Amino acid sequence: MKTVLSGMRPTGKLHLGHLEGVLKSYIDMQDTYRAFYMVADWHALTTNYESPEMTGDNTLEMFKDWLSVGISPDKAVMFVQSAVSEHAELFLLLSMLTPVPWLERNPTYKEQRQELSGKDLSTFGFLGYPVLMAADILVYRAEVVPIGEDQRPHLELAREMVRRFNNLYGNFFPEPQEILTKYPKLPGIDGRKMSKSYNNAIYLTDDEKTVNDKASKMFTDPAKIRKNDPGHPENCVVCAFHRIYNAAACETVEAECKSGARGCVDCKKQVAVKINERLAPIRLKRAEIDKDPGMITGLIASGNAKAKAAAGETMKNVRKLMKLA
Ligand code: TRP
Ligand code: SF4
């Protein structure tokens, strides 16, 4: 069995964009891989070090989101990065052999520093983000890593660190391969990318009424003003949701929209029903989880212990290869 590792920063609750993207790969891969799924709380601190209290609460919420969509602790090791100090040790050792210019050249680093210009990110920790991420992956000797497009430069850096390590100390780490999560075209309700920071997301924890509300606010074809105006479904957010959550009827929706037989108000109501159908079992599962807070604490502790055991094995070998105690 090959090993997969992936992580998500606990910066807020998860939404449909996550569900139809990265969470799908998590769920698919837990059956056929030795799977490690990590809440990357140290990575969250690289940008949120001024408000650490957020990270703690979000970590618990993230576990609940994961469980509610069907990631199973019987199949995957679910754990918290900061509970496995071996990641920090490997981060330190990898930093010995990582040239600073590799990190400064990283396009994601440059973009993020510009985007988050309100924060002081001239820190050592933020520059070292990809080194920590490489440590996360390598400490389980993971072969595959499902990630989003923005994380590709980080994975390339991880491979460069592997090549350098293997050259210097002996062939030990596999070069991790990325699996790009194939996001279907799921926009936010305003047509931009679904994202917490755009305030356009539908969350896994949204109740039925909230979903109805958000669906009613989705952006539609601006050329379709009256019910009987012919519309252009390709320009419509509602249609994009029909494509994913109402696939069987999607052709009808498009044809009726184009011919003017369909009005936007009804169209939105229908799509809300479908989104609510998708979320119903997730809501049920979550209600079950919330009934038993002890269960989740136990589960996190046991995931952390399993991760620590696996990471500890790797570190024994790394220390030997690097002539350390
Ligand atoms: N940097 C990733 C993100 O923001 C999260 C992450 C941390 C990660 N460590 C990882 C992803 C290791 C894959 C593998 O999305
Ligand atoms: Fe969009 Fe439906 Fe209105 Fe067509 S009828 S523009 S698909 S909401």
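A residue is called buried when its relative accessible area is under 20%, exposed when that area is over 50%, and partly exposed in between, as found with a 1.4 Å probe on the protein chains only. The model described here is a predicted one, in which local features need pLDDT of at least 70 and side-chain atom pairs count only at pLDDT 80 or more, while totals for chains, interfaces and linings use all residues. Residues are numbered from 1 along each chain as its sequence is written, chains are lettered from A and ligands numbered from 1 in the order in which they are written, and side-chain values use heavy atoms, with hydrogens and water left out.

The structure holds 23 salt bridges, a salt bridge being a side-chain nitrogen of Lys or Arg within 4 Å of a carboxyl oxygen of Asp or Glu. One of them joins arginine 226 to aspartate 229, with 3.8 Å from N to O; arginine 226 is exposed, at a relative accessible area of 60%, whereas aspartate 229 is buried, at 15%. Another salt bridge pairs aspartate 213 with lysine 217, whose closest N and O atoms are 3.5 Å apart, and aspartate 213 counts as partly exposed because its relative accessible area is 34%.

A further salt bridge, at 3.6 Å from N to O, brings together the side chains of glutamate 254 and arginine 243. This pair links distant parts of the chain, since glutamate 254 belongs to helix 13 (residues 250–259) and arginine 243, 11 residues away, to helix 12 (residues 237–245); helices here are DSSP runs of H or I with at least four residues, numbered from the N terminus. Elsewhere, a network of salt bridges links Glu149, Arg152, Glu156, Arg159, Arg163, Glu175 and Glu178.

Serine 216 lies in helix 11 (residues 208–216) and is partly exposed, with 42% relative accessibility. Although serine 216 and cysteine 264 are 48 residues apart in sequence, their C-alpha atoms are 9.0 Å apart in space.

Cysteine 264 is also among the residues that surround ligand 2, together with others including Thr220, Asp221, Cys236, Cys239 and Cys267, where a surrounding residue has a heavy atom within 4 Å of the molecule. Helix 12 and helix 14 (264–290) are the elements that give two or more residues to this shell. By class, the shell around ligand 2 has 6 nonpolar, 1 polar and 3 charged residues, where Ala, Val, Leu, Ile, Met, Phe, Trp, Tyr, Cys and Pro count as nonpolar, Asp, Glu, Lys and Arg as charged, and the others, Gly among them, as polar.
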